[in-house]
Amino acid sequence: MDFSGMLLDAYSTTDQLQQHAVLETMMNAADVAHTMQSFGVFVKWNRRLFKEFYRARRCGRLSFDPESDWYENQVGFFTHYVIPLSQKMKTCGVFGTTGNVFEYFATENKKRWIEEGEQISEQIIRETIEE
């Protein structure tokens with residue numbers, strides 16, 4: 001069923017490879033859904049992710065320092081993972097016409113992050129260290 005409540009007859013295929021590809025795309029999208037929503041939602045979950053990584057690093061459960069290049073890494077994540085995933089979601093058609101929205105928000109969030117992300121990253125890092 002898609003977001004409009006319509007059954008996805010297009011995926012009643014017996015092609016297991018296609019079924020697995022669509023399912024994998026949906027699982028990947030669920031994992032990073034915050035990056036394809038409003039900028040406020042993205043920043044909220046980005047802050048939480050940084051705090052989780054920071055705490056894991058301090059406990060010795062993370063091998064890299066999340067403070068290092070947080071801003072740049074988010075730009076790269078959008079460029080190399082989120083935007084291609086949003087395009088794949090649109091192409092597979094499982095979200096119907098809503099698939100365009102994910103690509104739109106991913107692209108817009110990347111643009112805003114490029115403009116505002118350095119300052120937001122500094123604030124997130126500062127607040128996390130002070131806690």
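Visitor: What do the buried residues of α3 pack against?

Guide: They pack against α1 (16-31), α2 (39-58) and α4 (99-130). Please keep in mind that this is a predicted model, where local features need pLDDT of at least 70 and side-chain atom pairs count only at pLDDT 80 or more, while totals for chains, interfaces and linings use all residues. Residues are numbered from 1 along each chain as its sequence is written, and side-chain values use heavy atoms, with hydrogens and water left out.

Visitor: What makes α3 a helix, and how does its reach compare with the span expected?

Guide: Helices here are DSSP runs of H or I with at least four residues, strands are E runs of at least two, and both are numbered from the N terminus. Helix α3 covers residues 70-92, which is 23 residues.

Visitor: Where is the kink in α3 centred?

Guide: The kink of about 40 degrees is centred on F78. The bend at a residue is the angle between two fitted axes, one for the seven residues ending there and one for the seven starting there. Just after α3, G93 takes a positive phi of about 75 degrees.

Visitor: Why is C92 called buried?

Guide: Buried means under 20% relative accessible area, exposed over 50%, and partly exposed in between (1.4 Å probe, protein chains only). C92 has a relative accessible area of 17%, so C92 is buried. C59 has 56%, so C59 counts as exposed.

Visitor: How many disulfides does a search of the whole structure find?

Guide: The search finds zero disulfides. A disulfide is a covalent bond between the sulfur atoms of two cysteines, and the test applied is a pair of cysteine sulfur atoms within 2.5 Å.

Visitor: What makes a nonpolar core, and which residues touch the most other members of the largest one?

Guide: A nonpolar core is a set of buried Ala, Val, Leu, Ile, Met, Phe, Trp, Tyr and Cys residues joined through side-chain atoms within 4.5 Å. The largest has 26 residues, and M36, F39, F42, F50, M89, W113 and I120 touch the most other members. Two or more residues come from each of α1, α2, α3 and α4, and α3 gives the most, with nine.

Visitor: Why is F42 called buried, and what is F42 in contact with?

Guide: F42 has a relative accessible area of 0%, so F42 is buried. F42 lies in helix α2. Contact means heavy atoms within 4.5 Å; leaving aside neighbours within four places in sequence, F42 is in contact with H34, T35, Q74, F78, N109 and W113. F42 and W113 are 71 residues apart in sequence and 9.7 Å apart in space, C-alpha to C-alpha.

Visitor: Why is T25 called buried, and which residues does T25 touch?

Guide: The relative accessible area of T25 is 1%, so T25 is buried. T25 belongs to helix α1 and touches L85, K88, M89 and C92, not counting residues up to four places away in sequence.

Visitor: What is the mean pLDDT of the protein?

Guide: pLDDT is the predictor's confidence in each residue, from 0 to 100. The mean is 88, and 89% of the residues reach 70 or more. Among the elements, α1 has the lowest mean (82) and α2 the highest (97).

How values were computed: The expected span of a helix is 1.5 Å times one less than its number of residues.
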